[in-house]
Amino acid sequence: MNEQDSRHEVYMQEAIKEAKKAMAIGEVPIGAVVVRDGEIVGRGYNLRETKKDPTLHAEMIAIREASERLGGWRLIGCTLYVTLEPCPMCAGAVVQSRVEEVVFGAADPKAGCAGTLMNLLNDQRFNHQVPVVAGVLGEECADLLKRFFRELRKK
């Protein structure tokens, strides 16, 4: 494992911690962190059921927090780590906020817009494209989701 892979895993573990916070309150376990210069500047986990707001995905919350902390909407030099591949809304927010890289864990066959269903992050028609690293700790991220939905079905 090279240094970059190791760094990606460290920050994905932080996103997994956020996902576990969501799971603890009955939300779908998705977590995200925004990193710049080796520092986490934004954190988020799913809150859409709790707050009854469809925009409160982990990525949206982490991007909003990073923007507030950094004092601007352009997240230049930032990497977004998220446990599940971004949906169309979150991929759009990534493009709009100028995040420079997205690293995700599990692919999303139902809404993934970072390569699975389509890749909004690398669409040349937009004025900003975002490199994607897929599958970092993907099995661990997918297992969290599987466990959550298995428990939900039991109820």
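Axes, as the word is used in this report, are lines fitted to C-alpha atoms, for helices over the stretch in contact, and the angles between them run from 0 to 180 degrees between N-to-C directions. With that convention, the axes of α1 and α5 come within 11 Å and cross at roughly 5°. Angles under 35 degrees count as roughly parallel, over 145 as roughly antiparallel, 65 to 115 as roughly perpendicular and the rest as oblique, and α1 and α5 are therefore roughly parallel to each other.

The structure is a predicted model, in which local features need pLDDT of at least 70 and side-chain atom pairs count only at pLDDT 80 or more, while totals for chains, interfaces and linings use all residues. Residues are numbered from 1 along each chain as its sequence is written, and side-chain values use heavy atoms, with hydrogens and water left out. Helices (H or I, at least four residues) and strands (E, at least two) are DSSP runs numbered from the N terminus.

**The pair α1 and α5**

Contact here means heavy atoms within 4.5 Å. On the α1 side, Met12, Gln13, Ile16, Ala19, Lys20 and Met23 meet Glu140, Cys141, Leu144, Arg147 and Phe148 of α5. The residues of this contact divide into seven nonpolar, one polar and three charged, where Ala, Val, Leu, Ile, Met, Phe, Trp, Tyr, Cys and Pro count as nonpolar, Asp, Glu, Lys and Arg as charged, and the others, Gly among them, as polar.

The length of each helix can be set against an expected span, which is 1.5 Å times one less than its number of residues. For the 22 residues of α1 that span is 32 Å, and its end C-alpha atoms are 32 Å apart, which agrees.

Burial is judged by relative accessible area: buried means under 20%, exposed over 50%, and partly exposed in between (1.4 Å probe, protein chains only). In α5 the buried residues are Gly138, Cys141, Ala142, Leu144, Leu145 and Phe148. Seen down the axis of α5, these buried residues fall within an arc of 150°, so they line one face of the helix; the arc is that of the directions from the helix axis to the C-beta atoms. An α-helix has 3.6 residues a turn, so residues three or four places apart point the same way. The face of α5 turned away from its buried side carries the exposed residues Glu139, Lys146 and Lys154, whereas the cover over the buried residues of α5 includes α1 (3-24), β3 (78-84) and β4 (101-106).

In α1, the buried residues are His8, Tyr11, Met12, Glu14, Ala15, Ile16, Glu18, Ala19 and Ala22. They pack against β1, β2, β3, β4, β5 (132-134) and α5. Just after α1, Gly26 takes a positive phi of about 85°.

**Helices α3 and α4**

Helix α4 (residues 88-97) holds Val95, and its buried residues are Cys90, Ala91, Ala93, Val94, Val95 and Ser97. Among what covers them are α3, β3 and β4. Not counting residues up to four places away in sequence, Val95 touches Leu120, Leu121, Phe126 and His128. The C-alpha atoms of Val95 and Leu80, which are 15 residues apart along the chain, are separated by 11 Å. Just after α4, Arg98 takes a positive phi of about 65°.

Ser67 lies in α3 and, leaving out residues up to four places away in sequence, touches Gly72, Trp73 and Leu75. Glu65 is also placed in α3, and, with its neighbours within four places in sequence set aside, Glu65 is in contact with Val41, Gly42 and Arg43. The C-alpha atoms of Glu65 and Gly44 are separated by 8.0 Å, although these residues are 21 residues apart along the chain.

**Two loop residues**

Asp37 lies in the loop between β1 (31-36) and β2 (39-45), and its phi is near 50°, a positive value in a residue other than glycine. Lys52 is found in the loop between α2 (48-51) and α3 (58-70), and has a positive phi of about 55° although it is not a glycine.

The table gives the accessibility of residues named above.

| Residue | Relative accessible area | Class |
|---|---|---|
| Val95 | 3% | buried |
| Ser67 | 16% | buried |
| Glu65 | 36% | partly exposed |
| Lys52 | 69% | exposed |
| Asp37 | 74% | exposed |
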